[in-house]
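Please read the following walk through one protein chain with the model open beside the text. The account goes from the sheet to the whole chain and then to a few single residues.

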Amino acid sequence: MTPAEALDEIAFLLERDLASPYKTKAFRTALATIEPLGDDKVAAGVADGSLKRRKGIGSTTWTVIEQAVSGQVPDYLVDLRERIGGPVTEDGTELRAKLKGDLHSHTLWSDGTTDLASMARTAQRLGHDYLVASDHSPSLRVANGLSTERLEQQLTELDALNEGFDDFRMLSGIEVDILEDGAIDQSDAVLDGLDVVVASVHSKLRMPSGEMTKRMLAAIRHPHINVLGHCTGRLVQGGRGTRPQSTFDAAAVFAACAENDVAVEINSRPERQDPPDDLIQIALDAGCLFSIDSDAHAPGQLGLLDLGAARADALGVPVERIVTTWPLDRLLEWSGA
């Protein structure tokens, strides 16, 4: 195991366990520090002690690097593997193995913690064929949402990144905000150039049911929308506390999703578990497609797909109706890319 591999695995496991971003940042920073050096220079820097003095290397990460260079599996990693290694859950593993990608993830371009390349490499290592970079759109200023100009810059970076892959593709996308009147906060001209568009409600979550229903129906009927993200906005656990689910006419909303070929997201984040089980059943009865997504804001959180797969399996969601089990060409045909 190389020092880079050890740091990456530690960061992955901490992120998947939803550890504090400040805790995981130390390992991601150390990884970014040593990756350009190569194994030989890292080993030399350990031997003469110079690496320890480099900016970005702290006492814990130095120990990890030193032990990896000496041929050990670092103690820190051994402990993590014992505590939180292995799959997040043993349920739904057969369905999890059939997932080919993930349509909802965030990077440093909005409120994620790492760059496109780090997300792509981790997705590829997890066996994905594709991952959508769906950073936030302009209205969500608290999440550093992408202006049209910044989105164009991201697409240039994404194209360059894809040139280095043979059997994996980072897809272009965005998570647009469903505004109070049901409009979305990006133009058709911009959305025309993207592979996948996720639409989510992020504000005024306690609107009266009738108004929320109209708001969601308007967005679902927009011709560029592919996925309805975390549809109730609820929070059921975690550091942000809890939040009740939005209320709306679920039968009408999911009928519109089925009619407009919009997939209902099964959000894999443990603090969301969105939609609730009863709403997934309504969506099933309506004939909806589904997308099992991680909503990852860090590479390790891509591993949370295990939880979404377990829920979908337990609720009897048919594999053929889960768009993230589809191969890339079929997915892009469906999304209208």
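Which residue in strand 3 is the bridge partner of valine 132? The bridge partner is leucine 171.

Before going further, some conventions are needed. The model is predicted, local features need pLDDT of at least 70, side-chain atom pairs count only at pLDDT 80 or more, and totals for chains, interfaces and linings use all residues. Residues are numbered from 1 along each chain as its sequence is written, and side-chain values use heavy atoms, with hydrogens and water left out.

Helices (H or I, at least four residues) and strands (E, at least two) are DSSP runs, numbered from the N terminus. By that count the chain holds 14 helices and 7 strands. Its radius of gyration is 21 Å, close to the 20 Å that the globule rule gives for 337 residues, so the chain is as compact as a globular protein of that length. The radius is taken over C-alpha atoms, and the globule rule is 2.2 Å times the number of residues to the power 0.38. Along the principal axes, the C-alpha atoms fill a box of roughly 70 × 40 × 35 Å.

The 7 strands form an open sheet in the order 1-2-3-4-5-6-7, with parallel pairing. At the edges stand strand 1 (101-102) and strand 7 (290-293), each with a single partner strand, so one side of each is left without a neighbour in the sheet. Two strands pair if DSSP finds at least two bridges between them. In general, strands of a sheet pair through backbone hydrogen bonds, either parallel or antiparallel.

The opening pair of residues belongs to the contact between strand 2 (residues 130-133) and strand 3 (residues 169-177), which run parallel and are joined by 4 bridges. Strand 3 is also joined to strand 4, by 5 bridges and again in parallel. There, glutamate 175 has valine 198 in strand 4 as its bridge partner. Strand 3 is mostly covered, with 8 of its 9 residues buried. Here buried means under 20% relative accessible area, exposed over 50%, and partly exposed in between (1.4 Å probe, protein chains only).

Further along the sheet, strand 5 (residues 227-228) and strand 6 run parallel and are joined by 2 bridges. Valine 227 stands opposite alanine 263 in strand 6. Strand 6 (residues 263-267) is mostly covered too, as 5 of its 5 residues are buried. Ala263, Glu265 and Asn267 point one way from strand 6, while Val264 and Ile266 point the other way.

How much of the whole chain counts as buried? The share is 54% of the 337 residues. Among contacts with a separation of 6 or more, 75% are between residues 24 or more positions apart, where contact means heavy atoms within 4.5 Å. The accessible surface comes to about 14,400 Å², of which 49% belongs to carbon and sulfur atoms; the areas come from the Shrake-Rupley method with a 1.4 Å probe, and for residues only the protein chains shown count as cover. The chain has 32 positive and 53 negative side chains, and the centres of the two sets lie 6 Å apart. Lys and Arg count as positive and Asp and Glu as negative, while His and the chain ends are not counted. The place of a charge is NZ of Lys, CZ of Arg, CG of Asp or CD of Glu.

Several loop residues have backbone features to inspect. Lysine 204 lies in the loop between strand 4 (196-200) and helix 10 (209-220). Its phi is near 50°, a positive value in a residue other than glycine. Lysine 204 counts as exposed because its relative accessibility is 52%. Leaving aside neighbours within four places in sequence, lysine 204 is in contact with Glu180, Met212 and Arg215. Its C-alpha atom is separated by 51 Å from that of aspartate 39, 165 residues apart along the chain.

Leucine 18, in the loop between helix 1 (3-16) and helix 2 (21-34), has a positive phi near 60°. At 33% relative accessibility, leucine 18 counts as partly exposed. Proline 275 lies in the loop between strand 6 and helix 12 (277-286), and the peptide bond from aspartate 274 to proline 275 is cis, with omega near 5°.
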